[in-house]
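Please keep the model open while going through them.

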Amino acid sequence: MIRVGLIVSLRGTWQGGVNYFHNLLSCYRQYPDPALKLDVFTLFPEDVAGYQSAAIEIHPCPQLQRRPRNYPRGIMKRLL
């Protein structure tokens with residue numbers, strides 16, 4: 001199984017980006033691929049809690065409040 005990590009922020013974001021993530025998560029929840037598992041990291045887990053399923057796992061990630069220069073790489077190293 002391949003695990004795919006997504007860093008999602010739906011607050012204070014461009015509306016097109018919010019729609020993109022809502023569509024992506026709702027489609028994957030309806031039609032999951034057994035070979036993939038999505039791990040969603042977010043500062044506000046309640047924004048995406050409705051998408052949690054066997055194929056989508058939601059992780060609260062308070063480290064997203066601070067943004068060091070290499071923040072995506074640093075977060076992924078700590079969480080995975």
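**Notes on the predicted model**

1. Cys61 has a relative accessibility of 0% and therefore counts as buried; buried means under 20% relative accessible area, exposed means over 50%, and partly exposed lies in between, with a 1.4 Å probe and protein chains only. Cys27, by contrast, is partly exposed, at a relative accessible area of 45%. The number of disulfides is zero, a disulfide being a pair of cysteine sulfur atoms within 2.5 Å.

2. A word on the basis of these values is in order. This is a predicted model, in which local features need pLDDT of at least 70 and side-chain atom pairs count only at pLDDT 80 or more, while totals for chains, interfaces and linings use all residues. Residues are numbered from 1 along each chain as its sequence is written, and side-chain values use heavy atoms, with hydrogens and water left out.

3. The chain contains two helices and three strands. Helices (H or I, at least four residues) and strands (E, at least two) are DSSP runs, numbered from the N terminus. Along the sequence, their order is β-α-β-β-α. Strand β1 (residues 2–8), helix α1 (residues 15–30) and strand β2 together form a right-handed β-α-β unit. A crossover is called right-handed if, with the strands pointing away from the viewer, the path from the first strand over the helix to the second runs clockwise.

4. How do the strands pair? β1 and β2 (residues 36–42) run in the parallel sense and are joined over seven bridges; two strands pair if DSSP finds at least two bridges between them. Within this pairing, Leu6 stands opposite Val40, and Val8 stands opposite Thr42. β2 also pairs with β3 in the parallel sense, here over five bridges, and Asp39 faces Glu57 of β3.

5. Is β2 enclosed or open? Six of its seven residues are buried, so β2 is largely enclosed by the rest of the structure. For the chain as a whole, 30% of the 80 residues count as buried.

6. Val4 belongs to β1 and is partly exposed, because its relative accessibility is 28%. Leaving out residues up to four places away in sequence, Val4 touches Leu36, Lys37, Leu38 and Asp39, where contact means heavy atoms within 4.5 Å. Val4 and Lys37 are 33 residues apart in sequence, yet their C-alpha atoms are 6.1 Å apart in space.

7. Which residues have the most contacts inside the largest nonpolar core? They are Val8, Leu25, Val40, Val48 and Ile56, in a core of 14 residues. Two or more residues of this core come from each of β1, α1, β2 and β3 (56–60), and α1 gives the largest share, four residues. A nonpolar core is a set of buried Ala, Val, Leu, Ile, Met, Phe, Trp, Tyr and Cys residues joined through side-chain atoms within 4.5 Å. Apart from neighbours within four places in sequence, Ile56 is in contact with Leu25, Tyr28, Arg29, Leu38, Val40 and Tyr51.

8. Pro32 is located in the loop between α1 and β2. Its relative accessibility is 42%, so Pro32 counts as partly exposed. Pro32 and Ala55 are 23 residues apart along the chain, and 6.3 Å separates their C-alpha atoms.

9. Two totals complete the note. Of the contacts in the chain with a separation of 6 or more, 47% join residues 24 or more positions apart. The chain exposes about 5,500 Å², of which carbon and sulfur atoms supply 54%; accessible areas come from the Shrake-Rupley method with a 1.4 Å probe, and for residues only the protein chains shown count as cover.
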